[in-house]
Structure formats: C-alpha cells, structure tokens
Amino acid sequence: MTTVTIRDVAAAAGVSVGTASRVLSGNPATSAASRERVAAAVARLDFHPNAQARSLRSTRTRTIGLLVSDVRNQFFADLAHAVEQAALAHGYVILLGNANEREDQQDRYLDTLISQRVDGIIVAPQGDGSGVIRSLLRRGIPTVFVDRTVDGIDLPSVTTDSGHGIRQAVEHLADQGHTRIGYIAGPQAISTGRERFNAYTRAIEANGLSRDPALVYFGDFQAASGSSGVHALLNLEQPPTAILAADSPMATGAVAMLHRLGVRIGTDMALVAFDDIEWFALLQPALSVISHSVEKMGREAVDLLLQVIDGGAPESIVLPSELIVRASSSTPHRPGSVSSLRKN
C-alpha cells in the first residue's frame, strides 16, 4: 500500500508544499481558496498526517528575534532591554539584530533569524517593506512591528502618538515668545520621520508661526545630522530662536554643535528633543523632552507577538507622548538674543 504524503496532497490541490503544510497546521496566512482545495485533496486521497513528524515541526524554540534600527541609539538600547525582560518573564530568550538604519543589513539579519527558526520576530522596520519583511508574511512567520510601521503591510504594531507631544512642544515654545522654530527632521522614508514632520507642520500652522521651509533640516536619525542641522539653521539670514530635534541621537548632535559654537542652550537658543533619554535630565541646563514609555512599548510588543504565535490577531497599540519642560526651553525668548549667532 502506497503512503500518501503531503507532496501528493499539494500536487492534487494545485498548491505548493509550503501552502499545503500551512493549511494543515492551521496557519491563518492562507487563502480561503487554498484551504478549500487542500481540504478536498485530503478527503479524496484519504491523507492522514504523520503525527510524530508534525509534532517535531511544530516544536517551539522559545526564542524571539528582535531587530532594532540602531543599537547606538539609546532609545533602541532601552527598547531591547524592555523586550528582553518581558520575553524572559514568559520563558523566551531574545536573538538581537541591528539594522544600522539600513535596509540591506535589516534583510540580512531577518534571513538569519528565519534560519534560526525563531518562534516570532519583533522588528523596527527600515524601507518600504519590499525585501525580506514581505517574505515573513509569505512564510507565515509571526511578526510584530515596534516603534515604526510600513505602509501597505498590515501587521500588529506598537507605536507612539507623536503628534500630541510635538503639538505641546510647539505650543510651549510659542508661549515663550518663539516665532521661528527650527526643526531637525528624521528621514521621510521612515514612518516616524514622516509622522513627526507632519505633526510639526500642523503645530506650526495651528499656532500661526513662521512656515519658512528653510527652518526644516532633514537628518537621518543619527547624531552627525543633528550637528549639521544646527550649523545649517544658525547660518540662515534669520536663524530660529528655538530648535526641536526629532529623536535623541540628533538632539545629542545638536547639543554638541551648540556647545561648540558657544551658543548657550536655554538662554541663546531653546532646545527640545523627542525621546526622554535618562542623561538628558542631567545636562546643564536639563533638556526639555517629548517623552513616551519605551518600557511599555517593549512589553506590549512581546505581548502582541505571543498572541500572534498562539494564532491570535491582536489589534495594534498606540502609546501616548507627553512634553516634559525643563530648563533648556523654559526661559522666555528675548528679541535679538540670537542676532549674533550666525557662524560660517
């Protein structure tokens, strides 16, 4: 008597072996048509899966892949720690990868995580999702986005409502008398870069402030672009009197350049950063920040992923952001205080 295999079922159903396997294992990443064809083929061939082999294939590794955007960014270092601790509490360990804000490096790490047969992946994505990220969907690998998302890819995610904190920051600076607020933006190819820039633009318009496009410098979420942004903004014919940096590395670069140029933060120039890095409060003067909970973001991402691993379809989560005012932006603007700051 010839034993019917899953390859026979796949051939009879007109689908790939992988699709037949996903249907038989109950993976939701299959079409209704494929499920119907496979079910018909199983009935026609009287197929009975090998229970022992199926058990071996479904054994969990108790590992989760985590791919962050840049390990040098303190926000992502803190996120990795939060994810690790939450995963350990559920009996999982983390395999960590660093995309270094590059899509090719992201894809290399994702391929490696897949080959390690992780039970699921948490990723802060780069690019438009045209690479290995879409392969995760095709393979039915449980995946959750964290901090960032990709347009056109419907996956559970944990992100931040950047708009609320940015609106608070612009209103605060306007109340201090600032009418020209410079903005060091993140890359527009990344969802957080676009969302925060759009939030800044809306807040500027809502407060009737200068909409001079020269007040925006587009950086890359890394410290060097924060320094370059400050240098460019201070060389304008009408430099800003306040600057908002769209993430913590660019804020760090901005602080370094302002010190290098002899510009007194909180006196000559107001400064606000997105992300509340611990040592920002220790600066002199302490840095005003737009805060959001990285610990909760990591914990929620693990919870969502575990639900997906168990076959669930959880809703995405959006966390709040909030302005924390410190000395770097709390001194009312004195007209003329930045008139001599232009540097060549």
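Which residue follows H1, and is its phi positive or negative? I looked this up first: Gly-14 follows H1, and its phi is positive, near 75 degrees.

**Basis of the entries.** I worked from a predicted model, in which local features need pLDDT of at least 70 and side-chain atom pairs count only at pLDDT 80 or more, while totals for chains, interfaces and linings use all residues. Residues are numbered from 1 along each chain as its sequence is written, and side-chain values use heavy atoms, with hydrogens and water left out.

**Helix H1.** I took helices (H or I, at least four residues) and strands (E, at least two) as DSSP runs, numbered from the N terminus. I then checked burial, where buried means under 20% relative accessible area, exposed over 50%, and partly exposed in between (1.4 Å probe, protein chains only). In H1, residues 6-13, I found Val-9, Ala-10 and Ala-13 buried. Viewed down the axis of H1, the buried residues fall within an arc of 100 degrees, so they line one face of the helix; the arc is that of the directions from the helix axis to the C-beta atoms. On the face turned away from the buried side I noted the exposed residues Arg-7 and Ala-11. The cover over the buried residues of H1 includes helix H2 (17-25) and helix H3 (32-45), with contact meaning heavy atoms within 4.5 Å.

**Nonpolar cores.** I defined a nonpolar core as a set of buried Ala, Val, Leu, Ile, Met, Phe, Trp, Tyr and Cys residues joined through side-chain atoms within 4.5 Å. The largest core has 48 residues, of which Ile-166, Tyr-183, Tyr-200 and Val-230 touch the most other members. H11 (248-260) is among the elements that each supply at least two residues of this core, and the largest share, six residues, comes from H11. Leaving aside residues up to four places away in sequence, I listed the contacts of Ile-166, among them Tyr-183, Tyr-200, Leu-244, Phe-274 and Ile-290. I also recorded a second, separate core of 26 residues, which includes Ala-124, Val-144, Val-158 and Leu-306.

**Sheet.** I found six strands in an open sheet, ordered E2-E1-E3-E4-E5-E11, with parallel pairing; two strands pair if DSSP finds at least two bridges between them. E2 (93-98) and E11 (317-319) are the edge strands, each pairing on one side only. Four bridges join E1 (residues 63-68) to E3 (residues 120-123). Gly-65 stands opposite Ile-121 in E3.

**Salt bridges.** I counted eleven salt bridges, each a side-chain nitrogen of Lys or Arg within 4 Å of a carboxyl oxygen of Asp or Glu. How far apart are the closest N and O atoms of Arg-102 and Asp-104? I read 2.7 Å; Arg-102 is partly exposed at 40% relative accessibility, and Asp-104 is partly exposed at 46%.

Arg-194 and Asp-151 meet in a salt bridge at 3.4 Å, N to O. Arg-194 lies in helix H9 (residues 191-206) and Asp-151 in the loop between E4 and E5, so the pair ties together parts that are 43 residues apart in sequence. Asp-151 is exposed at 57%, and Arg-194 is partly exposed at 23%.

For Arg-180 and Asp-212 I noted a salt bridge of 3.1 Å, N to O. This pair ties together parts that are 32 residues apart in sequence, Arg-180 being in the loop between H8 and E6 and Asp-212 in the loop between H9 and E7. Arg-180 is buried at 12%, whereas Asp-212 is partly exposed at 28%. Finally, I noted that salt bridges with shared partners join Glu-101, Asp-147 and Arg-148 into one network.
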